[in-house]
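Please look through the following chain with its helices and strands in view, and keep the sequence beside you while you read the report.

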Amino acid sequence: MTEGAAPGTLALANSSGWMNTEAFSQGLDHFILKTGSTSDNPTLLILDNYLSHIDISILQKAKVNGVTILTIPPHSSHKIQPLDVAVFRPFNQY
């Protein structure tokens, strides 16, 4: 999964094919490591409201490490679609 990816890329998968809290916790650890997020150097992580993203253990880990999690309301992508054009597309192309 990481063939051709940037050095240090983290690849996660599980048998269900869906994100779970354990995998997301590993991803959050990677995010914290790569961003250097601390309470003195906080970061913002924007996520959807998928259940594995809002587990209490995730929220506690984020808080301790200076990560503010902002969730996008469910069923609202049609209202925030400009993000696809102005933010996500250029980011993906880069």
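Helix H1 has 15 residues and reaches 20 Å from its first C-alpha to its last, which is close to the 21 Å expected at 1.5 Å a residue, where the expected span is 1.5 Å times one less than the number of residues. Helices (H or I, at least four residues) and strands (E, at least two) are DSSP runs, numbered from the N terminus. This is a predicted model, in which local features need pLDDT of at least 70 and side-chain atom pairs count only at pLDDT 80 or more, while totals for chains, interfaces and linings use all residues. Residues are numbered from 1 along each chain as its sequence is written, and side-chain values use heavy atoms, with hydrogens and water left out.

At the start of H1, a side-chain oxygen of Asn-20 comes to within 3.3 Å of the backbone nitrogen of Glu-22, and after the helix comes Gly-36, whose phi is positive, near 70 degrees. Ala-23, Phe-24, Ser-25, Leu-28 and Ile-32 of H1 are buried, where buried means under 20% relative accessible area, exposed over 50%, and partly exposed in between (1.4 Å probe, protein chains only). The elements that cover these buried residues include E1, H2 and E2.

The largest nonpolar core has 9 residues, among them Phe-24, Leu-28 and Ile-32; such a core is a set of buried Ala, Val, Leu, Ile, Met, Phe, Trp, Tyr and Cys residues joined through side-chain atoms within 4.5 Å.

Strands E1 and E2 pair in the parallel sense over 5 bridges, and two strands are said to pair if DSSP finds at least two bridges between them. Within this pairing, Leu-45 has Ile-69 of E2 as its bridge partner. Leaving aside neighbours within four places in sequence, Ile-69 is in contact (heavy atoms within 4.5 Å) with Leu-45, Leu-47, His-53, Ile-58, Leu-59 and Ala-62. Strand E1 itself has a covered face, made of Thr-43, Leu-45 and Leu-47, and an uncovered one, made of Leu-44 and Ile-46.

Taking the chain as a whole, it has 3 helices and 2 strands, and from the N terminus on its elements run α-β-α-β-α.

Technical notes:
A polar contact is a pair of N or O atoms within 3.5 Å; within protein, one must be able to donate a hydrogen and the other to accept it, and residues adjacent in sequence count only if both atoms are side-chain atoms.
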